[in-house]
Amino acid sequence: MKSFEKWLAEEVEITFGVQKRKTLPLLDEWMNAQEVFNALEMNQIERLRNRIAEKADEWNEDELKMQFIALLLDIVDYNSSTQYGVFSQRPLLATIQGKKVNGVIEYMLAQGRQIPRKPFFFFHEYKQETKRNSDPKGQLLISMLAAQTLNDTTQPLYGCYVVGRFWFFLILDGNQYAVSDAFTASQSKDIFKIVSILRSVKIYINNLFK
């Protein structure tokens, strides 16, 4: 059995026949998300932008999570929907094409109140900018593939991983995946785009239930 943290993205591709694409139509659509923010939200987001601009290269992973990511996700407000639950630090074990993989999902949106069932969005890895010795893209990809297999779902899965101030968004559609360019959270234009992209996940999930 191999844990999520030990997988490289190329290794996932080779082992399970997953194909990396330069982009996918769903990823392009997702990256076009554009929200309108009220004055309070704009002030909160700008405050966080200033914080990460100053601290990104000093924080460890827990500090990045607690002092920036958690507060940004609070602005996004995934807890406002009744269509899914927000789950954190949940173990996941799956057998993909005869190979057992396991790990802990950092943050996930899925159907259920206490037990995550059908997954929609994975926020699986956040790494500090310095001292990084693993592949966050590979970890996210294998966790999404495991959930896809375990839940026997054909719907596209959405995901995100973070390296310090740099945010990357990923879509897994069948056996194909694509990753966005980096968005830099310390830059004013990018941080508002990041929140827009994260909020648009709620629209995607709600549309599944129409």
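**From a hairpin to a helix trio**

Guide: Let's start at a strand: Thr95 has Lys100 of S4 as its bridge partner. Before going on, this is a predicted model, where local features need pLDDT of at least 70, side-chain atom pairs count only at pLDDT 80 or more, and totals for chains, interfaces and linings use all residues. Residues are numbered from 1 along each chain as its sequence is written, and side-chain values use heavy atoms, with hydrogens and water left out.

Strand S3 (residues 85-96) runs antiparallel to strand S4 (residues 99-110), with 11 bridges joining them; strands pair if DSSP finds at least two bridges between them. Strands (E, at least two residues) and helices (H or I, at least four) are DSSP runs numbered from the N terminus. Two residues sit between S3 and S4 in their hairpin, where Gln97 takes a positive phi near 50 degrees.

Now for the helices. H3 (residues 39-55) packs on H6 (residues 188-208) at about 120 degrees, with axes 10 Å apart; axes are lines fitted to C-alpha atoms over the stretch in contact, and angles run from 0 to 180 degrees between N-to-C directions. That makes H3 and H6 oblique to each other, the label left after under 35 degrees (roughly parallel), over 145 (roughly antiparallel) and 65 to 115 (roughly perpendicular). H3 passes H6 in a right-handed crossing, meaning the near helix is turned clockwise from the far one by less than a right angle.

On the H3 side, Glu41, Met42, Ile45, Glu46, Leu48 and Arg49 meet Ser188, Ile191, Phe192, Val195 and Arg199 of H6. By class, this contact has six nonpolar, one polar and four charged residues.

Have a look at Glu41, which lies in H3. Its relative accessibility is 15%, so Glu41 counts as buried (under 20%, with a 1.4 Å probe and protein chains only). Leaving out residues up to four places away in sequence, Glu41 touches Val36, Ile75 and Arg199, a touch being heavy atoms within 4.5 Å.

Methods. Nonpolar A, V, L, I, M, F, W, Y, C, P; charged D, E, K, R; others polar. Buried < 20%, exposed > 50% of the residue type's maximum accessible area, 1.4 Å probe, protein only.
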